[in-house]
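Work through the exercises below with the coordinates loaded. Each task is followed by a solution in steps.

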Amino acid sequence: MATSYLETLAADRRLKLLQLLRDNGGSANEEVLRTALAQLGHRRGVTRDLLRADLDMLRGHNLVRHEWLEQLLVAHLQERGLDVVAGDVAIEGIAAPKITG
């Protein structure tokens, strides 16, 4: 089945979220994540609602958990999320990491 450009962008964005959380010690708030995604090339259309929808999708697969601090969402990487980042688990809708040896 062919994947659309928007689906490819979404899958990459979700992988990048997991990688950012890993690289940030396992957690980050939504504003940090939006800024970092922009720096990684996801500059257009990453609204707060879209980011929260992506984090909800990741949470639905037990890859992250959420915490609210006032009005700010904080995401925490779960062990299964690390498995996805390592390429040990594949999930539809999340890009596979490029494994370099």
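**Exercise 1.** Determine which residues of α1 and α2 meet, and describe the packing of the two helices.

*Solution.* Step 1: take helices as DSSP runs of H or I with at least four residues, and strands as E runs of at least two, numbered from the N terminus. Step 2: list the pairs in contact (heavy atoms within 4.5 Å). From α1, the residues R13, K16, L17, L20 and L21 meet L33, A36 and L37 of α2. The axes lie 10 Å apart, and the packing angle is about 120 degrees.

The model is predicted: local features need pLDDT of at least 70 and side-chain atom pairs count only at pLDDT 80 or more, while totals for chains, interfaces and linings use all residues. Residues are numbered from 1 along each chain as its sequence is written, and side-chain values use heavy atoms, with hydrogens and water left out.

**Exercise 2.** Find the strand order of the sheet and its edge strands.

*Solution.* Step 1: count two strands as paired if DSSP finds at least two bridges between them. Step 2: the order is β1-β3-β2, in an open sheet with antiparallel pairing. Step 3: β1 (27-29) and β2 each pair on one side only, which makes them the edge strands. Step 4: direction ignored, neighbouring strands are turned by 25 degrees against each other on average. Step 5: α2 packs on this sheet, where it touches β1 and β3, and its direction makes about 90 degrees with that of β1.

**Exercise 3.** Describe how β2 and β3 are joined and paired.

*Solution.* Step 1: β2 (residues 64-69) and β3 (residues 72-77) pair over six bridges in the antiparallel sense. Step 2: within this pairing, H66 has A75 as its bridge partner, and E67 stands opposite V74. Step 3: two residues separate the strands of this hairpin, and E70 in the turn has a positive phi of about 60 degrees.

**Exercise 4.** Which residues does L55 contact, leaving aside its neighbours within four places in sequence?

*Solution.* Step 1: apply that exclusion; the contacts of L55 are then L17, L33, V64, H66, L73 and A75. Step 2: compare with the helix pair, where L17 of α1 and L33 of α2 are also listed.

Notes. Axes fitted to C-alpha atoms, helices over the stretch in contact; angles between N-to-C directions.
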